[in-house]
Amino acid sequence: GFTRVDRQTGFRASAQSYRGGLLDIVYRFVTNDSNSFGYGYSSHHFRLLYAHAFPWDLEAQAYLNLQARQYSESVPLASFTRPEVDEYEQTSLVLKASRAVSRRLGVSARYGYFRNGSVAEGGFYRKQVISISVETHL
């Protein structure tokens, strides 16, 4: 049978700073050459992470991930038999605040927004997740 073969090449640049908090910035450019129609692409990725410690054991974190893909071949939506070709998380944003209540107990609140890059009918989604956690250390 036929075996799909993909070859990825890319470039990555990143920078970090520790002034008052941690700032981490990453950019990646990736090309994917494939022997299967509709699977070749180039993409730009951007990731940002910021973490900061505040007084009273309060910590805050923000994480942003963006991705834009450009496919080598245009595939008509009606011919999508393998929709995972375009199932990637295109955008995500996560905000989190946490606080140590004691040496062994902490609480946190988290908000997340996620969006995928699917162009297939019924494959696109946006979701928001809100969570509150109680954490313990043994």
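Which residue forms a salt bridge with Asp24, and how far apart are the closest N and O atoms? The partner is Arg47, with the closest N and O atoms 3.1 Å apart, a salt bridge being a side-chain nitrogen of Lys or Arg within 4 Å of a carboxyl oxygen of Asp or Glu. This pair links distant parts of the chain, since Arg47 lies in strand β3 (residues 41–54) and Asp24 in strand β2, 23 residues apart; strands here are DSSP runs of E, at least two residues long, numbered from the N terminus.

Before I go on, please keep in mind that this is a predicted model, in which local features need pLDDT of at least 70 and side-chain atom pairs count only at pLDDT 80 or more, while totals for chains, interfaces and linings use all residues. Residues are numbered from 1 along each chain as its sequence is written, and side-chain values use heavy atoms, with hydrogens and water left out.

Asp24 is buried, at a relative accessible area of 10%, whereas Arg47 is partly exposed at 26%; buried means under 20% relative accessible area, exposed over 50%, and partly exposed in between, with a 1.4 Å probe and protein chains only.

The structure holds 3 salt bridges, so let me turn to the others. Arg7 pairs with Asp33, their closest N and O atoms being 3.0 Å apart, and this pair also links distant parts of the chain, from strand β1 (residues 6–17) to strand β2 (residues 22–34), 26 residues apart. Arg7 is exposed at 53%, and Asp33 is partly exposed at 39%.

Finally, Arg4 and Asp6 meet through their side chains at 2.7 Å, N to O, with Arg4 partly exposed at 35% and Asp6 partly exposed at 31%.

Definitions and conventions
Helix = DSSP H or I, 4+ residues; strand = E, 2+ residues; numbered from the N terminus.
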